[in-house]
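The structure is shown first, and the notes follow by topic.

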Amino acid sequence: MRALMGSRTAADDSQAIEDAMALMAISRDEATEWVRGQADAPADGSVVLEVAQALRPAVRLFCAMISQWRMSIVAVEGPAGPIFATRRTGFDLSALDVVAGWIGVSPDRQIFEDLRVMEAEALAIEAER
């Protein structure tokens with residue numbers, strides 16, 4: 001996995017391709033393209049994403065709302081009895097206008113729909129864990 005991050009040698013690239021194939025269940029060509037794309041990644045491990053201009057307000061709002069999740073407590077049966085965990089159930093939409101105002105976004109129907117798509121994807125990813 002170390003080969004997937006930071007500076008790499010040719011041997012690291014070969015290992016990174018193998019790792020990417022295994023971790024992401026993708027073909028060698030797809031893994032090679034992915035690894036080559038990582039060459040331009042920042043050395044500090046941060047991720048740079050290009051976001052279409054039309055989606056930027058919704059993405060900014062999603063990032064600003066990240067601390068505004070509604071949570072529920074769920075019990076999962078463990079070997080020694082129930083184990084309690086928290087799960088996100090969705091954004092606390094009562095905070096939406098306040099947060100949007102803080103970051104200078106005027107939410108409209110399209111921004112709200114885009115936000116809901118990102119929220120649904122985040123919940124789906126969490127559900128897989």
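In helix H2 (residues 28–37), the residues Ala31, Thr32 and Val35 are buried, where buried means under 20% relative accessible area, exposed over 50% and partly exposed in between (1.4 Å probe, protein chains only). Seen down the axis of H2, the buried residues fall within an arc of 100°, so they line one face of the helix; the arc is that of the directions from the helix axis to the C-beta atoms. Asp29 and Glu33, on the other side of H2, are exposed.

This is a predicted model, in which local features need pLDDT of at least 70 and side-chain atom pairs count only at pLDDT 80 or more, while totals for chains, interfaces and linings use all residues. Residues are numbered from 1 along each chain as its sequence is written, and side-chain values use heavy atoms, with hydrogens and water left out.

**Nonpolar cores**

- The largest nonpolar core has 13 residues, of which Leu61, Met65, Phe91 and Leu115 touch the most other members; such a core is a set of buried Ala, Val, Leu, Ile, Met, Phe, Trp, Tyr and Cys residues joined through side-chain atoms within 4.5 Å.
- At least two residues of this core come from each of helix H3 (56–64), H4 and helix H5 (109–128); helices (H or I, at least four residues) and strands (E, at least two) are DSSP runs numbered from the N terminus.
- Another core, of 5 residues, lies apart from it and includes Ile17, Ala20, Ala31 and Val35.
- Not counting residues up to four places away in sequence, Leu115 touches Ala58, Leu61, Phe62, Phe91 and Leu96, contact meaning heavy atoms within 4.5 Å.

**Strand pair**

- Strand E1 (residues 69–78) and E2 pair in the antiparallel sense over 10 bridges; pairing requires that DSSP finds at least two bridges between the strands.
- A hairpin of 2 residues joins E1 to E2.
- Arg70 has Gly90 as its bridge partner in E2.

**Asp92**

- Asp92 sits in the loop between strand E2 (81–91) and helix H4 (96–103), and Asp92 is buried, with a relative accessible area of 18%.
- Leaving out residues up to four places away in sequence, Asp92 touches Met65, Gln68, Trp69 and Arg70.

**Ala122**

- Ala122 is in helix H5 and is partly exposed, with a relative accessible area of 26%.
- Beyond its neighbours within four places in sequence, Ala122 is in contact with Phe62 and Trp69.
- Ala122 and Gly90 are 32 residues apart in sequence and 9.1 Å apart in space, C-alpha to C-alpha.
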